[in-house]
Amino acid sequence: MNTKTTKNDFVFDVQKIKNDFPILQREINGHRLVYLDSGASTQKPIAVINAHADYYNRINSNIHRGLHTLAEEATSAYEKTRSHVAKFIGGVKTSEVIFTSGTTESINLVAYTWGEANISEGDEIVLTDMEHHANLVPWVMLAKRKNAIIKRIPITDDGRLDLTDIDTIITEKTKIVSVTHMSNVLGTVNPVKEIAQVAHQHGAVILADGAQSAPHIPIDVLDMDVDFFAFSAHKMLGATGVGVLYGKEYILDKMPPFNMGGEMISEVSFDRITWAELPHKFEAGTPNIAGVVTFDTALTYLENIGMDNIHAYETKLTAYAIDKLTQINGLKIQGPNNTLNRGGAVSFTDKDLHPHDISTFLDSKGVAIRAGHHCAQTLMKRMGTIATARASLYIYNDEADIDALHDALIAMRRYFGHE
Amino acid sequence: MSENLDDMYREIILDHYKAPRGKKPLDKIDIASDGHNPSCGDELTMELKVDKQNNVQDVHVNCKGCAISVASGSMLAEYIKGKSLDEVKKISEQIKKMLKGEDSEITEDIGDLDSLKGVRQFPVRIKCALLAWVTLIEGVDKFEHSKKPESFTVPTEDEE
């Protein structure tokens, strides 16, 4: 398993965790920073920040090329993270773990390489009504290039996937199902394993967008039986500019490369080029080495707490947040109002106030949230709104943070003349 | 309360936000323009009725957006009523510059519009205040080009 055994007497010491994050000491507009925008990007613990400095202080060099000590150390640190990621997502082969610049690039890689090779006119691509643009635009553009058809799994009014007609949506014409594991807006955790079964019954492959799930819940790609899984390091304590694409080896093997250049080749002449072995075939050019190397430290930090413990703690805190926000006059939670199969991204709207004004006001009280369409314009339309405010939780948040959000929202309604 | 916040959400702004002007649909529409803020999803539709001398007789603004974009649209509706299209273009460019901090030297009395200056301290909100003005400029441009097709004609030899 990828997580430590949960001890029954485990104490989630959030104060100790908070102390590991230097940025949380900052004051914003005269108030303690209350960071509730981890769905966009998480803060970094001192261990990761130090690991970054350590990499540049001691071992900085290029990887997979040089034969000197630094090059060997950098390569070995880089490959150590690959092994760590392989274990973290359920124990896959290291050849199945590809480093990218982020979830967006991971999905684009599949859409451009697997998609170009496997999608033809009339084929169907199945998405859902709760996708981030990163898991929507690449497929819509692929469908346009190939004259393929986009189908969508609808959502219910309380923000869950409606699988009633799944057998008519996923058919023998379906070539790929690409679905978010956890919605960045609604917080809903989707039954990816169940959808994967249906996809495979019809001979389709399935990609799960794990950008929001991997930071918060134990991931086992083998148990879910997904063919591709994509996520980003910066949403789980790591650096920006690092992402992962997991893919089943036999599928990756048949895919053409994505970016062309150094590192991804085996032999090059002007009339014949052969590709490097997996995973290097998909890693052209010099990657974000420091970011990948320090992702190892980030994963260790999460594992020392335990992904099960993180999930349990965040579920409790999400329930508290939903309860507190529901008490505020005029506020509506957009997404499931209970914690069953739900993560800690809590979107809400105010019947009198626009999310921009909410966000600006909260910032004046030191509370950082996200406001806007969250790169999910089609979902906003489905929800009958143009934008929402979103508080998203992580391991360093506690009830005092939720109370600060609650009190600031009450003060906001008074400020704008809505009691 | 943060001073800056009160600088942006001045009383005049909140007044326009709570009771936006120009909400009444027009009986005749000469200029129509839609604005959209892709980064936040705000939407605005603007309609103008102009007389034969190209003076704005009436304005209808419908904004689905934040307090700043609604207030800005409301002030626009109030201000440009009775102005000529040339005056409208001039003030639009002046407000754009004022908001971007490029040129705040507006010598004439612009009334409530002056209160939009406070938005400058909130760089991410400037585009909210701009939405109505950008939509207006686009609408007037379209109107003038369709009215004066000669502006699209191939230059004569003299002009070359």
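1. Helices here are DSSP runs of H or I with at least four residues, and strands are E runs of at least two, numbered from the N terminus. On that count, chain B has five helices and three strands. The model is a predicted one.

2. Chain B, in sequence order. The elements follow the pattern α-α-β-β-β-α-α-α. The chain has 160 residues, and 37% of them are buried. Take the contacts in chain B between residues at least 6 apart in sequence: 65% of these join residues at least 24 apart.

3. The sheet in chain A. Seven strands make an open sheet, ordered 4-10-9-8-7-5-6. Its pairing is mixed. Strand 4 (97-100) and strand 6 (149-153) of chain A are the edges, each pairing on one side only. From one strand to the next, the twist averages 20°.

4. Strand 4 of chain A runs antiparallel to strand 10 (residues 243-247) of chain A, and four bridges join the two. Within this pair, I98(A) sits opposite L245(A) of strand 10. A helix also packs on the sheet: helix 5 (residues 137-146) of chain A. Helix 5 touches strand 5 (124-128), strand 6 and strand 7 (174-180) of chain A. The direction of helix 5 makes about 145° with that of strand 6 of chain A.

5. A helix pair in chain A. Helix 12 (residues 355-364) and helix 14 (residues 399-415) of chain A have axes that come within 10 Å and cross at roughly 115°. The crossing is right-handed. On the helix 12 side, the contact uses I358(A), F361(A) and L362(A). Helix 14 answers with A408(A), M412(A) and Y415(A). By class, this contact has six nonpolar, no polar and no charged residues.

6. The nonpolar cores. In soluble globular proteins, nonpolar side chains tend to be buried together. The largest nonpolar core in this model has 122 residues. Which of its residues touch the most other members? They are I206(A) and V226(A). Helix 10 (residues 289-305) of chain A gives the most to this core, with nine residues. Another core, of 39 residues, lies apart from it; A71(B), M75(B), L76(B) and I91(B) are among its residues.

7. A residue to look up: I206(A). Leaving out residues up to four places away in sequence, I206(A) touches V177(A), I195(A), A196(A), A199(A), V226(A) and D227(A). One of these, V226(A), is the residue named with I206(A) as touching the most other members of the largest core.

Key:
Residues numbered from 1 in each chain as written. Chains lettered and ligands numbered in written order. Predicted model: local features only at pLDDT ≥ 70, side-chain atom pairs only at ≥ 80, totals over all residues. Axes fitted to C-alpha atoms, helices over the stretch in contact; angles between N-to-C directions. Left-handed = near helix turned anticlockwise from the far one by under 90°. Contact = placed C-beta atoms within 7 Å. Nonpolar A, V, L, I, M, F, W, Y, C, P; charged D, E, K, R; others polar. Core = buried A, V, L, I, M, F, W, Y, C linked by C-beta atoms within 7 Å. Buried ≥ 20, exposed ≤ 12 C-beta atoms within 10 Å, placed from the backbone. Pairing = 2+ DSSP bridges.
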